[in-house]
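Biologist: Could you give me a close look at the inside of this one? Start with the whole chain if that helps, then work your way in and back out again.

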Amino acid sequence: QRRVHGGLKGLAAYAHHAMVLGKEDDQVYSFVYEVLSVLGKGEANADELLGYVLKLGEVNLRVMQLLSEGHESNFGIPTPSRVQLSPVPGKCILVSGHDLKDLQHLLEQTAGKGINVFTHGEMLPGHGYPELNKYPHLVGNYGDAWQAQRKDFSSFPGPILMTTNCLIQPTSSYAKRLFTRSAVGWPGVRHIKDYDFSEVVKCALECEGFEEADCPREHHHTMTGFGHKTVLSLADKIIEGVQKGQIGSFFVIGGCDGAKEERNYFKDMAHSVPKDGVVMTLGCGKYRFNKDFDKFGDIGGIPRLLDMGQCNDAYSAIQVAVALAEALKVPSVNHLPLHFGISWFEQKAVAVFCTMLHLGLRNIHLGPSLPAFLSPNVLKLLVEKYNVTPAVGDGAGAAKKLAAAGNNL
């Protein structure tokens, strides 16, 4: 019951994002009402609730499709883009959260004002969308994932705009420079109505911004913008690489990041994928290793690390996997040398996990600690039917073992 409830919250968050972008489906809303009614009555047995878990995964797949279509119709098809990770001199604004529509309006309102805009956390994929990347004052990404925001926001010399969830209680060092928008807010923090960011712009002009001395001469970069349409445009090269033995395995490593050191399991896993392996990543879990983009290198011109976007862009990873299975003429995605390392934290990750179960995907390493709602009986079912494995201990060893076992095409 808690898994259905948690997943429903994640589905609703994605549906809200899609609605903002003009994409809705009445069947999604009908399902939400149905599930709330079932949970409210409290009469469903375990088998019925498991059915709702799988149905929730099916409906969430549709919601992620709507959100993907909304992003593309508003901002264009993602294209691979190199993103600077170090600051540049000048007045500045930092945008965190998930809402790319807010970022678009802010970029429009800051154009020509001498203000640089930086992304933070899950806003990083915004750099891959042509209608956002066309603004020259969208200069780079600053900081790490959501759990590092107190450190990142304190050191940032300008206002911060938080567009959706993942806001931590602000500290006094930046509370007066913090603004919230849409569904996110905090008592005492200024909240922006509609899309009028004039207060944020005013604050940016009053703040010091980055000085020349704050900015390193040598810049570091990562890359984003590897959505499913971009990756599938390389399908012929990928298929050829698999058939010639140049590509031996595929890993999807990502999800929600968090503060626990155990989450380095996924960093170790990513860095230990054999050199003939391709890593697709998404969500803020990528921050454990995305700064090392250049170290991953490429296979025949195909980057070994493909940042597919935000956590909802699990939809892109699914589309790529399905297309590869069809092109390689294998019975299902589970017959690919494909493995999943999923770091979960909150409701959106639960919704995505339900979608993976709905699709019957196997070989999922889930962690760093298993969700509290996974009872021993449910965990036994997931292990037996889906080969779900707790992502604890040796991430590097797990990557090598999985790659060796899955290299069978």
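Modeller: Happy to, starting with the charges: the protein chain has 40 positive and 42 negative ones, and their mean positions are 3 Å apart. Here Lys and Arg count as positive and Asp and Glu as negative, with His and the chain ends left out, and each charge is placed at NZ of Lys, CZ of Arg, CG of Asp or CD of Glu. Bear in mind that this is a predicted model, where local features need pLDDT of at least 70 and side-chain atom pairs pLDDT 80 or more, while totals for chains, interfaces and linings use all residues. Numbering runs from 1 along each chain as its sequence is written, and side-chain values use heavy atoms, without hydrogens or water.

A compact globule of 409 residues would have a radius of gyration near 22 Å, so the 21 Å of the protein chain agrees with that (taken over C-alpha atoms; the rule is 2.2 Å times the number of residues to the power 0.38). Along the principal axes, the C-alpha atoms fill a box of roughly 60 × 55 × 40 Å. The chain is built from 15 helices and 16 strands, which are DSSP runs numbered from the N terminus: H or I of at least four residues for helices, E of at least two for strands. Contacts here mean heavy atoms within 4.5 Å; of those with a separation of 6 or more, 73% join residues 24 or more positions apart.

On to the inside. Of the 409 residues, 58% are buried, meaning under 20% relative accessible area, with exposed over 50% and partly exposed in between (1.4 Å probe, protein chains only). The largest nonpolar core takes in 111 residues, and Leu-103, Phe-250, Ile-253 and Leu-338 have the most contacts inside it. Such a core is a set of buried Ala, Val, Leu, Ile, Met, Phe, Trp, Tyr and Cys residues joined through side-chain atoms within 4.5 Å. Helix H3, residues 46–75, gives the most to this core, with 11 residues. Apart from it lies another core, of 17 residues, including Val-139, Phe-156, Met-162 and Leu-167.

Let's zoom in on Ile-253. Neighbours within four places in sequence aside, Ile-253 touches a set of partners that includes Phe-266, Met-269, Val-273, Leu-282, Phe-289 and Gly-341.

Helix H10 (residues 264–272) holds Ser-272, which counts as buried because its relative accessible area is 17%. Beyond four places in sequence, Ser-272 is in contact with Ala-396, Ala-399 and Lys-400.

Back out we go. Glu-48 sits in helix H3, and its 42% relative accessibility is why it counts as partly exposed. Its C-alpha atom is separated by 9.8 Å from that of Gln-1, 47 residues apart along the chain.

Two loop residues deserve a glance at the backbone. Most residues other than glycine have a negative phi. Ser-182 has a positive phi, near 60°, in the loop between strand S6 (178–181) and strand S7 (190–192); its relative accessible area of 26% makes Ser-182 partly exposed. Lys-329 also has phi near 60°, in the loop between helix H12 (314–327) and strand S14 (338–343). Lys-329 counts as exposed, at 73% relative accessibility.
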